[in-house]
Structure formats: structure tokens, C-alpha cells
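This report describes a protein model for a reader who is new to structural analysis. Please keep the sequence and the structure in view while reading.

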Amino acid sequence: MKLHRSPNRVALPDGLGMSRRAALKSLSSGFGYLAFAGLSTMAAEKAQSPLAPKAPHFQPRAKRVIFLCMRGGPSHLDTFDYKPELKKHSGEPGKYGARGGAKLLGSPFEFKPSGKSGLHISELYSKVAEHADDLCIVNSMATDLPNHPQAVVQMHTGNFQFVRPSLGAWTLYGLGTVNENLPGFITINPSIGFGGAQNYGSGFLPAIYQGTAIGQERRSLRSAKVPNISNSRLSSDLQRIQLDLVQSLNREKLARESYQPEVEGVIESYELAFRMQDEVPKVMDLSKEPQKIQEMYGIGNDTTDDFGRQCLLARRFAEAGVRFIEISQGNWDHHRNLKASLTNNAAQTDQPIHALLTDLKQRDMLKDTLVIWAGEFGRTPHAQGTDGRDHNNKGFSLWMAGGGVRGGTTYGSTDEFGYEAVDGKVHIHDWHATILHLMGLDHERLTYRYAGRDFRLTDVYGDVVKGVMA
Amino acid sequence: MIQFTKNAQVSLAIVLVCAVFPAITQAEETDPNADAEGIAFFEKKIRPVLVEQCFKCHSEEGDKIKGGLLLDNRDAILRGGNSGHAVVPGNLQESLLFTAITYADEDYEMPPKRKLPEAVIADFEKWILMGAPDPRKADKVMPITSLTIDIEAGREHWAYQAPKMPDLPEVKQTEWPSSKIDRFVLAELEEKGLQPSAEADKMTLLRRVYFDLAGLPPTIEEVRGFLKDEDPKAYEKVVDRLLESEHFGERWGRHWLDVARYAESSGKEANLTYPFAWRYRDYVIDSFNADKPYDEFLTEQIAGDLLHSDSPEERAENLIATGFLAMGPKSLNEGNLRQFTMDQVDEQIDTVTQAVLATTVACARCHDHKFDPIPTKDYYSLAGIFLSTDTYYGTVNSLGVRRGSDLMVLPVKDKNPTAPSYTLGEIIDMEYQLYQQTERQKELQSQAREMQRAGDDPGNIRLQLLALNSRISDLQSKIASVDDEGQPRPFVMGVMDKLTPADANVLVRGDIDQPTDQVPRGFVQVLYTGEAPAIPDNQSGRLELAQWITDDANPLTARVMVNRVWHYLFGKGLVTSVDNFGTTGQAPSHPELLDYLALRFQKEGWSIKTLIREIVLSSTYRQSSDFDKEAFLADADNALLWRMSPRRLDAESLRDAMLAASGKLDTQPPHGSVVASAGNGLVGRTIDESIVEKEKDYRSVYLPVIRDLLPESLDVFDFADPGMVSGTREITNVPSQALYMMNNPFVISQADALAKRIVAEKEKPIDRITLAYALTMSRMPTEGEMKTTLAYFKRFIAAAEAEGKDLDAARDLAVSAFCQALYGSAEFRYLN
């Protein structure tokens, strides 16, 4: 671990009883708690709360991330990758498809030049297009497999073969979080399948870096809350006394067993949970937002209500200091009924995303908030049936906006029909390296020593894509 | 397919050859076109009507294509549109075209403006009955692709090779192994220069084996008895007692229910209850308790309906077992019957092949399997088997629910039925209502037709009709749910063979509108050598499928199950990807041990109890979980088993352990289930969601499992998603779990109960504290813990009094909060 750390930079939360630090110190002087420092980076850093803010490797461009995860593989050809040639040859046999000669399918949607930059954006995202000058559209994305579970997991962890820490967990591990009363990594509405909790998991990183899930796929967010957020019979003081007992039992177990990352995780999650009780209900109370703002996000309108709530929550969490926020929208897997379903999906997200960007801007937060819109892969230029597209991992698009991103530009390109990234190909590893870079982290230096080996989010791959940066 | 290979990180034992075959038109048993008279009839009577009346909306030359239906050629007509086959030769009822032109269903009245003359309708009737002769051929020949997978090369993969009984490896430390299992483990450790860990202390071992075999902590008496017992066979005796306990089936049955994606509702868009699913749950628990041989257990679940039985009771058990195939998640609002059927078949193939063979055959629905040597053809061979099967899952058609199904009736009486009974008066009343509503339905239908004919929009009447149809379905299902005496019929979910089994057509890219070659019913080629087992023409082939799966020669079935058992006992399988033994899965850490266990499992008559007994008696299982720096650096994941890995209690064990400690646990299984009592209905509408959270004191395995609505006590601690085969569960460690232990009313009520218990049983504070530790951790508190606890009481009571509570109240609260703290402690939640 090569991160620079100064252990006294941040005031530690005092747990009303013995502070964590004092407790851990007293342990480390007794039974060899730190004797295994070489085993785990974590152990070496025990003297400090694992969530305390940490200095980045270099000046960050973005302080936080809001990741709009579009699960299912949205068609780049109908949203952000303008392909006039494809339209021209629509209906003709192309050179693609397993058997070759599958019929090309031009986008049924109009693309219009938007903003001063004139980025071509589909009519599906006409409201997002108003922010064209803030977007950097990467048109040359690629991932390893055209299969949902693998691609979703790779998008989140870089690796679909082994259980690895997620992007959010790495970010939190690298930077800590500025609000110790909230989880540093929140994922709203995560999927149950497609890798499930792996997508916000901590892998071999300490459990405290795991994302906290709010709400669930296929459930309305209207009623989503963090359950069990308050106690029916204990005041905060009494609960603290109770918790001190729990923690001293836990620490005694930890001392007995020397190295037990799961028990460390339990200890840390109790502390976080205790602090969350105050803060979470406040942040999640959308009724505190002016009516005008709620309307701007599309809350109250059946089509946009759910994603609008997610976007507004994301902004509130970002404002409150959460480091990494992921929100999501599923059902982008348009093998059939492409035209109607895409229209529907875009309608659910266009206005809320527009509102999010507008809102961040008016609060002067966009400059250091990295907003990302991405799915796990794109879709084929040839038709599946007459009104559908198949999975395509060889070329697809995503966009980034805000913190350190060169707005009003596109990066890289696919071939004339949008099948394959041909110019400036950006693999998931490169994308991960770039996100970390924007956060002030060098993906080659952000390592975690586990079982005698230094692991990275990007494994042995990844090049920072300088072209997307302002 | 070809596009991804360049990027794939896995090496493939698949050779891809691209070949294009012309499609073979659907083969009919008798070709009606051989009959010149029939053709003449079509040309004279049918074709002109089609052109004049239908082509405007149902032809490639027409203005538009409505409902996905083309009538341009015979193939198109047989295939039909979005709603199903337009014509099924010889079958008027199944021919939607006939339904439409007779105006028999108000949703499909064609032509919409005016009904055809009766004489024309009679011509169509005659034409369909004569086999719908039609000389028009599809002018476009649909190409289909066959990516030829090299099956022979695919067989090289380790999992598809027959297991071989390995020689026992030589080891240096001959005194450590207490079973053959240990020899395999030790040999690997020695090769890496590692030591196995010492045996766990008695108390740890007892707690471990109790949770592993029964899912419950030992009682204080059991701990005491075991610690006192100096017989070298003391542990063995405990194991045997646990294997005989009825809690064994509750524990291990639940593992299988994860794998079988057991649930009591359909899930998906319209989440309807399955009020009889619990019978399958009980069947699984009973089977594990009876140590039913695993091959029999599987055969009953796949083909119980086709098995011979000697008594109605046995027959009933066999039918209940087939619930395995019926209780998958379903899109009951799917408008297209064929799509629904193919999705259901897909779900069945996916479940059977993953649960039993750890093979993801369902990947081959739309294309040849991308990683494993499974061509699409194999998928449709299996699909033919399940398409020749009728699936009965209940659920009642109503608003938005189009795919309700019947249930089967058991050949035995329900001694203690869960469904409501009706008095004769109630039945007569319901029948009268049904009569009235049906009359009203007819009235509204004819009104709607008249309005339509007059060019008015009958929208309002349609809405009334929809509501009315729902009520009629509901009444019909209620009346049908009881026998002549008003007693509930003993319904069961499950499957039966269709009367006329048939092979399936390969669907291009899984698209129901693109059927091509028919493939004979059969199995996954890569998994057998020599002749495929023959399937009789008049049967679905499920029995043969079950026989093939449980044949000793099948390289996967035994391996997959022993690996599952290993996973549940060690927290990790020898193959860590327990549901995927394919090329994208993980290779076994101890391949020889896996084969040894698999072959022994078969030899011991597929006895799960014998297998578990051998494993838990091994030195490998009895190791302590103590940390060892050197070993950890060499093998952090403990793949070599140098210790027992510390494990988190699963959701059920945690909840049951709280109930056991508080003394509230009701070990009596409930009859049926909460869902059974709630009956048929739509979750969130007619079924109140709150039924899930009603507090219950029985074991967690009996809590309701409604898809997308799990009880919180299970959900928060990573219960298996009942939407899919789940051989492993997530193991998270998140603040929501901490919040649950801190604030959830169930935890608080259990803390109260434990507090009452220790106060009632002991006088002195120190004795009470000691008892609480014994009940929760199965041990005495350490000196340090006692000191901390006493200090806690002092501080808590003082603070509570300072908040204005009187001393008694402060003390009571302190005791309960203490008990809750024990539940919340890491030691209670983790197992060493």
C-alpha cells in the first residue's frame, strides 16, 4: 500500500464510551493485534477510522460519483452513437451476425445536433441533450462478454471470474468519506440477479467498504426507506451504552482470534449504523424539497416518479457527503419491441437526468461531481427479428459529465454501422482507471494487500483515457 | 458467437463451424396437400375470402400487419400471430382464426366490421377439419445457422469425464487422518508444506455440528452432557443423534429448497400466490429426514407422476414431488400463450440442469452455448420433453392475469385441510351468483357488439366486462375448490404427461415466430457416450430423463450433490461454483476427493446421511478455525482446508437461535403455511403484504416464501433469491444488519423473552448473566466479560434513572438491552 496517510489528520468519532482508537490501541499493545500488519493493509491502518477521509494521490477533479446504471444493455445506436450510414442501409444485409448477412436496422429515432458543441443525441434523450455541452460521450466502449451477468459484474468489479471488490468499494477505500454518519457508498435499487450483491460488494476489502443498498429492483422507491432506523425504547444515550457492551464483547472476540476481518466488519458496521440513525431519515426525506424541485425531477408523474426519486436522492446523498452513489434503471434488454420499449425507458429517465444535471449545476456541484450514464454493453446494428437488437460487447457508448470531464465532446468511435469500437477503444479497465484518475487516484497505486499479493481494481490492465478529461 | 471468441478470456474446447442450412418446413404426419380435392376446396372457398376479408391487415402486401398475424401462406397461418396459432389443423377449438370469425370471444372478432355469412364460416370449419390444406408455400426460405460444436472435444472437460475411484494418497502424518477424506486433504497440505489445524475444542465442535446438522444451538443440558461424556465416541454419538432428529430435515431440506427455488408465489409482474406449494416443502423435509436415496428423490421430482405406486399415499407423495417443476417464477400476464409456454419450459430446463447437473443448458435457448459444448439442438431436445408435459400451478385468471392454471387433485384425503370449506348453502349461493354474473356477461357482450356495429366505442362496457370476468373466475375457482360436500379438494401443484407427446422445433434465436427443424426428444449429448436412452413415442421422456440423470454413468449428478453437501459443511465447495461445473465454473480444489466422495455416494445407495456422517466425523471437519499466519499467507482462501473457515450464521439459524435462547421456539412444524391460509390471490392486492411479517415462533424454514416479499428476518441476512437456483448465498456484512439487530421489533421481543427467562430462572445477577451467556453462546462468560457486563449494568441503570425511569423499570430495561446485546454480538452471529 503506497497511499500517503497521516494518521492524525482527522478527528475520530468518540463513541461516548471508549473511543475506537483508544480501544484498538489498548488491544494492539496487548495481544498482538498489529502483529499481522503485513497480512492486511487494513490492520496497519487500524489506528484510524477506515472511513475517515484520506488524501488522494494527486489533485482530484471529482470528489464524488453518481453512477446512473442502465441495466440490460441500452442500445447505443438509438441513443448516443449517431450512425447515418446505418440508417441509409437499413434493411440491407450487413456483414454481421453469427451467420453473417443479418439485416441492418437503422435507428427509428432522429438524432439532432445539440448545444453549442452540436453533439448528435437521439430524440429519446432530448432533455439530456440540453446539457450536451457538459457531456463527454464515449463511443468506443468495449467489454469482454456479451452476457448480462458477466458484463454487469465486470462493469462493477472489473472481473467476472472471481469475486472482487466493486468500483464503489475501491473508491471508498481509497478516499474515505467526509460524512461519517452516512455510508460512503450507497446503491439505490440494485438488481437481485446479474451478480447481485457482488456489484456493490467489498470482496477482500474490509466489509465496511461494501455498498449499502436502499430499495430493491422491481419495487417502487416511493416506500423505500432504510428499515430499522430508529429504536422504539432506548434513547440514544442508552443505546450507546448498550452498543459499548456489544463492541467490547466483539473486541474481546477479536483479540482472542487475532485476525478476523468479519468481526472487524461487524464492529465497524455497528458504529456506522449507530451514526446513520440520525442522519439517514433526514437525507431521505424528499418532502423537504420544494415542490418545484420535486416536479423538476418528475416526481409525481407516473412515468418518471421512480427514477426521479432516485436522482433526487442521489443529489441529496451527494450533497451530504456520500462518496459514491449508484442508482439504476433496468429493462434495457431490447431483443424485441425495441422502438416502443426504448421510448418508454428513455421517457422514464430523460427528465430526471436532466433535472439532476441542472440541479447539480445550480448548486455549483457539477464541477466536482462525476456523473456517469452507462449500461453493461450495447446492441447490434443488425436487427433481431424486425424490431429488436441483440447484445453487443464490441462497441457501445456511455457518457460522463461534471468533475473534470471535457464537456461537449465525443471520444472514440465505432465503425460506420456502430458494430465495433475502431478508434480509441476504451475497455472497462480503461474506464475504471479513468474514473479513479478523475477522483485523484492512480489505479496502479491504489492497491490492497491480500494474502501476500497487491490487488488492484484494474488487475494488470487499464490506461487512463486522457481524452475525456478537461 | 464468433464475434466474442477473440475477446474471451476462457479457453474453449469448442470448434465452431458455420453452416447454413435451408429450413425444413414443419413436418406434418399426414400432408393434407396430398389431397387434390382439399386443395381445390381451399382455392375455391377459402383463398378468396382470405384475400378479400383479411389481407388488408394480415398480409405482407397489405397496409399493415395487425397482431403479428400473416395469412399469406400455410406456414404463416399455422404459426399464427401474437396470440397463438391461427389454425391448428383438425382442431376448431385451438384455431384462433375460427374463434375470431365465429365471434366466440369478444376480444377477437374478425372481420371486425361484420361477421362473415354462416355459409362461409361453415366452409372454414370444414376446411380446418380436413387438415387446412393450403398449397401456398413461404417464398422466403428461412436460413438457420448451426454452429457445430465439437462434442467429442467438449468431453475433455474434467466435469464431463466419468469419476474414477482414486488411490488413497500416501501421507507422512499417518496419525492425523481419521477417515479417507483426511488422506486426500492432508496429502495436498503436505505437498504445500502446510499443517492441518488441531481439533477444535469440544464446545466449539458441538456448536458447529449442531448448527450444521440441525440449524440450532445445543441446549444447556446437551452441552453439559457432551462435556461430561468421556467416551471416545461421544462426538460420534452426538452426530448420530442429530442425524436422527427431525431438525435435520428442516435444516437440510431448506438447503435443497434454495436449490429448487422454492416459493409460494409466481413472482414477476403479477405476483400470485401458490397456496399449495407448502406440500412440496414438507415433502422435501420429510425426504431428508427419511434419508430417501438421492436418486429416488430426484426421480420423484422429475417424473413422480410416471412412477408406479403401491398405495394412494405413495402416489400422493410422487405427485407432490413434481411440484419441483411447477413452482418456478412465471409471467402470468404474458399475452402470448406460446411465449408463456416456452418461457415456462425454459425455466424448467434451467432449474433441472442447474440444480441437478450444475450445467447452464438454458443458455442454449437462443444460440449454441457460448462456453460449454451444448448446441441449441440439445436444448430443444429437452424442450420437447417439457413441452410434452402439462404443468399445473393453480392461480386464477383475473384482471391482468391471463395464464392461470388448474391444479392436480391428490388421491388421498387431506386430513387437515388448509383451504376454506363451504356449507351447502354457501355453494348454492355462489352457484346462483355465478349464474347471474354469467347472464350479465352475455348481456354486456351483446351490448358491446351492437355498439361496435353501430360504430360506437364500447370502452365503458369493456371495462365492466373485465371486472365481471374477474368475479366470474373467482367464483368458479371457489366452487371448484371444494367437493360435493363443500370440503376443500386436496389440490397439489405438479406435472403430468400430455396425452400426445411431441418433439419440439428449434426456434431461431429462441423466437417463437421462427420455428425450424424438429429435433427428437433427448438429453444433453456431451453428458453421455454411446446410445441415447430411448424415449417411447407415447411418453414425454421425463422418466427417461430422470433415469439418465440418476444413472451411475452420469458424470455430474453425484459430483454436484456431494459438492453441495461439502459447501454447506465448509462454507465453500470443493468446486466453488456449486451451480456451474461448466468451463466457466471453477475447477475442483481436490479433484480426487470429489471423485472419491461421488463414487462412494453412489455406492452407499445415494444416502445423504451416510455422506454427511462421513464428512462431519473426519478430522478435516473437526479442525479448529484458529488463525495461522503462515498458512494464511500461503492459502488465504483456505482452499486447501488447513483449518475450518469461520462462518456467519445464515438467516434461519440466526433467527432460530434467538428463539431457542429466549425459550420461545416452537419446534412443532405449523400445518401448511401462512400463504396456504391466505389462499389464492394477487400479492399486494387481494393478499395483504403484512401477512409476511406477522410474528411467528416456529422455525424459519416454515416462514412464508413469497417472491419479492421475503420476511425481513431472512431478507436482511441474505436469504436465497427464490427466483433462481441458488446453491450459494451472499454473505454480506452491512449496516442494515447492524440496524436490524439494534432496532428490529422481533429482536427486541426475543431480548425481552430471554430477559424474562433468566430473571425467572436465577436470583443473583451473576447467575443470571452466566445463564444468558450459556443460553446464547453455549459457554460461561470469561472473567473479562463478566466485569464488562457488570460495569454495563451499573452505567445503564444510572443513565436510565437519570432519564427519569424508576429503578425497577431501569433494571428491566437494562436486562433486556443486555440480552439484546448478546444476540447482537459477533460471537452469536458467527460460527467457529
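## Nonpolar cores

The largest nonpolar core contains 309 residues, and those with the most contacts inside it are A:Ile325, A:Ile372, A:Trp399, B:Met493 and B:Phe818. A nonpolar core is a set of buried Ala, Val, Leu, Ile, Met, Phe, Trp, Tyr and Cys residues joined through C-beta atoms within 7 Å. A residue is buried if 20 or more other C-beta atoms lie within 10 Å of its own, exposed if 12 or fewer, and partly exposed in between, with C-beta atoms placed from the backbone. A second, separate core has 20 residues, including B:Phe42 and B:Ile101.

Leaving aside neighbours within four places in sequence, B:Met493 is in contact with residues including B:Tyr274, B:Phe276, B:Met327, B:Tyr392 and B:Leu407. Two residues are in contact if their C-beta atoms, placed from the backbone, lie within 7 Å.

## Basis of the model

This is a predicted model, in which local features need pLDDT of at least 70 and side-chain atom pairs count only at pLDDT 80 or more, while totals for chains, interfaces and linings use all residues. Residues are numbered from 1 along each chain as its sequence is written, and chains are lettered from A and ligands numbered from 1 in the order in which they are written.

Chain A has 11 helices and 17 strands; helices (H or I, at least four residues) and strands (E, at least two) are DSSP runs, numbered from the N terminus. Of the 470 residues in chain A, 59% are buried. Among its contacts between residues at least 6 apart in sequence, 75% join residues at least 24 apart.

The contact between the chains takes 58 residues from chain A and 62 residues from chain B. On the side of chain B that touches chain A, helix H32 (residues 783–802) of chain B gives the most, with 9 residues.

Helix H33 (residues 807–824) of chain B has 18 residues and reaches 25 Å from its first C-alpha to its last, close to the 26 Å expected at 1.5 Å a residue. The expected span is 1.5 Å times one less than the number of residues in the helix. Because 13 of its 18 residues are buried, H33(B) is largely enclosed by the rest of the structure.

B:Glu630 is found in helix H25 (residues 629–634) of chain B. Is B:Glu630 buried or exposed? B:Glu630 is exposed, with 11 other C-beta atoms within 10 Å.
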